[in-house]
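Here are my notes on the model, written for someone opening it for the first time. Have it on screen and go through the points in order.

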Amino acid sequence: MRVTVVGAGVVGTMHAWQALERGHRVVQIERETEARGASLRNFGQIWVSGRAGGEELEAALRARELWEEIGARVPALGFRAIGSLTPARGPLELAVAEAAVGRPDAAARGYKLLTPGEARAVNPALRGEFTAALYCERDAAVEPRTAQLALRAELLKNPDYTFLPGREVREVTGAGTVRDDHGDVHHADAVVLCTGAWLGGLVRELAGPDLPVRRVRLQMMQTDPLGEALTTSVADADSFRYYPAYASPALDELNARQPQAETAAAHRMQLLMVQRADGGLTIGDTHEYEHPFAFDTVEEPYEHLTGVVESLLGRPLPRVRHRWAGVYAQCTEPGRVVHRQQVREGVWLVTGPGGRGMTCSPAIAETTANELGW
């Protein structure tokens with residue numbers, strides 16, 4: 001079987017991986033020389049803890065298994081089973097954490113509620129004051145800026161894999177057949193369009209104007225090396241407000257009696273923080289949904305995040321050396337992990353994982369492969 005994958009972000013690359021693993025010939029086409037979108041501009045988190053129960057959690061847990069398997073084969077991914085800690089301050093935040101630990105699926109996520117002393121035994125870098133910390137054992141991390149390169153290097157070892165960068169697919173010319181902007185026509189038994197936040201042009205032409213996917217813009221930053229190990233990823237209690245796993249009457253009470261700080265609310269913020277292989281910290285993020293997006297980054301969210309991080313670490317943040325904005329595509333249909341649609345004979349569109357893309361991409365690709373009978 002011949003498979004053409006359009007897009008070299010993490011979702012597209014995992015589709016190429018699945019097809020190749022199942023013995024098919026794969027051509028992967030990318031309009032840039034390498035992917036430069038949300039697949040690189042993220043935390044590199046395999047984030048199980050906050051996922052909605054049901055289909056989304058099942059996808060995240062399966063993806064976590066697949067990431068670990070792939071990471072064992074491709075050490076350059078930098079897969080690390082580090083878990084996460086979410087410190088809670090005061091009785092309202094503590095009540096939300098306690099409600100999470102009481103979920104029926106808490107054990108599957110690896111939830112535990114830790115005292116400050118227990119949390120610091122897991123992550124000694126957290127020297128700030130907090131009441132308790134929600135631990136999620138199943139969370140993990142990879143290196144987002146280099147993961148696609150590492151996966152590509154492994155794929156290229158297989159003679160049945162071809163990577164064609166710097167080409168934009170312009171037209172579906174027949175069943176399983178596409179033409180790129182070099183004029184080359186690519187024939188396959190199946191085409192999978194994994195175009196990320198690129199929702200115009202050919203995608204609009206194929207899927208129509210009512211695609212249930214929106215674009216979301218975020219701001220993030222990365223620091224110089226911390227000088228010590230941050231042994232888990234770290235979130236703040238604003239993540240309780242953002243992730244569906246934490247929905248509960250306790251969260252309603254928190255939102256009513258202890259609203260977000262003004263800057264955090266204005267930019268729809270939470271803290272997520274992961275240490276990179278070089279010791280630096282990736283820190284974010286904001287969420288902007290209204291179009292047109294701003295073209296510049298604004299400083300207030302970075303100032304807010306710096307204050308939150310310093311209060312948890314109990315020390316000054318290292319120098320910030322990178323700031324960036326990114327855009328990802330998010331499915332707007334409730335309960336859907338991704339939008340998967342057959343748009344022409346032999347052609348499928350897979351897009352809109354939102355902030356789940358890095359976490360769930362291996363499971364998303366596996367589901368596509370199963371549904372298409374690869």
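**Notes on the fold and its packing**

1. Strand 5 and strand 6 run antiparallel to each other, joined by four bridges. Two strands are said to pair when DSSP finds at least two bridges between them. Strands (E, at least two residues) and helices (H or I, at least four) are DSSP runs, numbered from the N terminus. Leu113 sits opposite Leu134 of strand 6.

2. Before going on, some housekeeping. This is a predicted model, in which local features need pLDDT of at least 70 and side-chain atom pairs count only at pLDDT 80 or more, while totals for chains, interfaces and linings use all residues. Residues are numbered from 1 along each chain as its sequence is written, and side-chain values use heavy atoms, with hydrogens and water left out.

3. Strand 6 has a partner in strand 4 too: these two pair in the antiparallel sense over five bridges. Here Leu134 of strand 6 is the bridge partner of Thr86. How many residues of strand 6 are buried? Five of its five are, where buried means under 20% relative accessible area, exposed over 50% and partly exposed in between (1.4 Å probe, protein chains only). In a regular strand, side chains alternate between the two faces of the sheet. Strand 6 is covered on both faces, with Ala132, Leu134 and Cys136 buried on one side and Ala133 and Tyr135 on the other.

4. Met220 stands opposite Gly284 in strand 16.

5. Leu272 is worth a click. This residue lies in strand 15, and it counts as buried because its relative accessible area is 2%. Leaving aside neighbours within four places in sequence, Leu272 is in contact (heavy atoms within 4.5 Å) with residues including Phe43, Trp47, Val234, Tyr243 and Ile283.

6. Next, the cores. A nonpolar core is a set of buried Ala, Val, Leu, Ile, Met, Phe, Trp, Tyr and Cys residues joined through side-chain atoms within 4.5 Å. The largest one has 46 residues, and Val26, Trp67, Leu77 and Trp374 have the most contacts inside it. Among the elements that each supply at least two residues of this core are strand 1 (2–6), helix 2 (55–73) and helix 12 (357–371). Apart from it lies another core of 29 residues, including Phe43, Tyr111, Leu218 and Leu251. In soluble globular proteins, nonpolar side chains tend to be buried together.

7. Which residues does Val26 contact, leaving aside its neighbours within four places in sequence? They are Val3, Val5, Ala16, Ala19, Leu20, Asp160, Tyr161 and Thr162.

8. On to the rings. Rings of Phe, Tyr and Trp (its six-membered ring) pair if their centres lie within 6.5 Å; planes under 30 degrees apart count as stacked, over 60 as edge-to-face and the rest as tilted. That rule gives three aromatic pairs. Phe240 and Tyr246 are edge-to-face, 4.9 Å centre to centre with 65° between the planes. Tyr242 and Tyr243 are edge-to-face as well, at 5.2 Å and 90°. Tyr242 is partly exposed, at 27% relative accessible area, whereas Tyr243 is buried at 9%. Ring pairs join Trp47, Tyr242 and Tyr243 into a cluster.

9. Last, charges over rings, which need NZ of Lys or CZ of Arg within 6 Å of the ring centre and within 35 degrees of the ring normal. Arg152 lies over the face of Phe163, 4.1 Å from the ring centre. Arg323 has its charged end over the ring of Tyr302, 4.7 Å from its centre.
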